[in-house]
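Me: I'd like a close look at one part of this model. Keep it brisk, please.

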Amino acid sequence: MKHDKVADGPTPRARKLKLESDNCLAIAIREREPEVAAMLIDEAAKLARRVKELHDKA
């Protein structure tokens, strides 16, 4: 019997992007240079938005 795709949780891609986003934030809070920290936070926000998009599609 074939099953339709069931949204049990995040896709592997979404999980990977979430981990990358968390890593960016972890690095940003230890970063001494404000410009670098801001860049990492921006990247984390972009990744988090993509995770949300993937979740919404599922």
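Predicted model: local features only at pLDDT ≥ 70, side-chain atom pairs only at ≥ 80, totals over all residues.

What span should the 24 residues of α2 have at 1.5 Å a residue, and how far apart are its end C-alpha atoms?

Reply: Start with the length of α2. At 1.5 Å a residue, its 24 residues should span 34 Å. The end C-alpha atoms of α2 are 35 Å apart, which agrees with that expectation.

Now the partner. Helix α2 covers residues 34-57, and helix α1 covers residues 12-30. The two pack at an angle of about 160°, and their axes lie 8 Å apart. Angles over 145 degrees count as roughly antiparallel, so α1 is roughly antiparallel to α2. Their crossing is left-handed.

Next, the contact itself. From α2 come A37, L40, I41, E43, A44, L47, A48, R50, V51 and L54. They meet R13, A14, L17, K18, E20, S21, C24, L25, I27 and A28 of α1. By type, the contact residues divide into 14 nonpolar, one polar and five charged.

Then burial. In α2 the buried residues are A37, L40, A44, L47, V51 and L54. These buried residues pack against α1.

K16 is in helix α1. Its relative accessibility is 47%, so K16 counts as partly exposed. V51, by contrast, is among the buried residues of α2.

Notes:
Residues numbered from 1 in each chain as written. Heavy atoms only, no water. Axes fitted to C-alpha atoms, helices over the stretch in contact; angles between N-to-C directions. Helix = DSSP H or I, 4+ residues; strand = E, 2+ residues; numbered from the N terminus. Parallel < 35°, antiparallel > 145°, perpendicular 65-115°, else oblique. Left-handed = near helix turned anticlockwise from the far one by under 90°. Contact = heavy atoms within 4.5 Å. Nonpolar A, V, L, I, M, F, W, Y, C, P; charged D, E, K, R; others polar. Buried < 20%, exposed > 50% of the residue type's maximum accessible area, 1.4 Å probe, protein only. Expected span 1.5 Å × (residues − 1).
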